[in-house]
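These are my notebook entries on one structure. I wrote them for someone who has not looked at it before.

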Amino acid sequence: MKKITLKVNKAYVYEEVAETTSYIGAKTKGDEQAYDRIFTTDDDRMMLERFWVEACDATTELLKPFIFHVSEQKVSHGLELEKDYEITLELSNAFEHKLTGSIETSLFNFFVSFIVGRWYKFADKAEAETYLADAKTFMNDIRSKTWFRTKPTRLTHF
């Protein structure tokens, strides 16, 4: 079995969520309150914390057949930016190790899209389904890559 460890940095995810919501809030036409309503601030991070844990739980559920170790994630009453999501998987020896970086990128993108989608259910319902659909696409990509196996090579002796 091959072991790979994937890590999602919580601070980077929250930073990307803030950038995404800031951009969308600033670009929303015809609504003067859009920026203030849509942009996530430090004051919103407690609510985002719940969405972070939901994203962790969804990832753990998806990768459950392969888990060797997973970091504990739970909703806390404080903001713990240093509490990243880390998961070690035991995959088949036929797993293509070159896919590890791509899986980690898709995992990061899943977390961002999922959290933005959940946030938009409160802040901008029209955009929520788009981001949640993106999150589902990233999750399917992760599933596909973790199940991918290289073809065995036949040894030939001369």
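**Entry 1: ground rules.** I am working with a predicted model, in which local features need pLDDT of at least 70, side-chain atom pairs count only at pLDDT 80 or more, and totals for chains, interfaces and linings use all residues. Residues are numbered from 1 along each chain as its sequence is written, and side-chain values use heavy atoms, with hydrogens and water left out.

**Entry 2: strands.** I took helices (H or I, at least four residues) and strands (E, at least two) as DSSP runs, numbered from the N terminus. I counted two strands as paired if DSSP finds at least two bridges between them. I looked up strand 1 (residues 2–8) and found that seven bridges join it to strand 3, the two running antiparallel. Within that pairing, Thr 5 stands opposite Thr 88 of strand 3. I then looked up strand 2 (residues 67–70), which is also antiparallel to strand 3 and is joined to it by three bridges. There, Val 70 faces Ile 87 of strand 3 as its opposite residue.

I also checked how covered strand 3 is, using these classes: buried is under 20% relative accessible area, exposed is over 50%, and partly exposed is in between (1.4 Å probe, protein chains only). Strand 3 spans residues 85–91, and five of its seven residues are buried.

**Entry 3: salt bridges.** How many salt bridges does a search of the whole structure find? I got six, where a salt bridge is a side-chain nitrogen of Lys or Arg within 4 Å of a carboxyl oxygen of Asp or Glu.

I began with Lys 7 and Asp 84, whose side chains meet in a salt bridge at 3.5 Å, N to O. This pair links distant parts of the chain, with Lys 7 in strand 1 and Asp 84 in the loop between strand 2 and strand 3, 77 residues apart. Lys 7 has 43% relative accessibility, so I list Lys 7 as partly exposed. Asp 84 has 14%, so I list Asp 84 as buried.

Next I looked up Lys 10 and Glu 49, which form a salt bridge with their closest N and O atoms 2.7 Å apart. Lys 10 lies in helix 1 (residues 10–27) and Glu 49 in helix 3 (residues 45–63), so this pair ties together parts 39 residues apart in sequence. I noted both Lys 10 and Glu 49 as buried.

I then checked Lys 64 and Glu 61, where the salt bridge is 3.0 Å, N to O. Lys 64 has a relative accessible area of 48% and is partly exposed. Glu 61 is at 48% as well and counts as partly exposed. I also found Arg 50, Glu 54 and Arg 118 linked in a network of salt bridges.

**Entry 4: helix 4 and helix 5.** I looked up how helix 4 (residues 100–123) and helix 5 (residues 125–147) pack: the angle is about 160 degrees and the axes are 7 Å apart. The axes are lines fitted to C-alpha atoms over the stretch in contact, and the angle runs from 0 to 180 degrees between N-to-C directions. The two helices are therefore roughly antiparallel, a label given to angles over 145 degrees. By class, their contact has 14 nonpolar, six polar and eight charged residues.

Last, I looked up Thr 100, which is in helix 4. Thr 100 counts as buried, at 14% relative accessibility. The C-alpha atoms of Thr 100 and Thr 146 are separated by 8.7 Å, and the two residues are 46 apart along the chain.

Conventions:
Parallel < 35°, antiparallel > 145°, perpendicular 65-115°, else oblique. Nonpolar A, V, L, I, M, F, W, Y, C, P; charged D, E, K, R; others polar.
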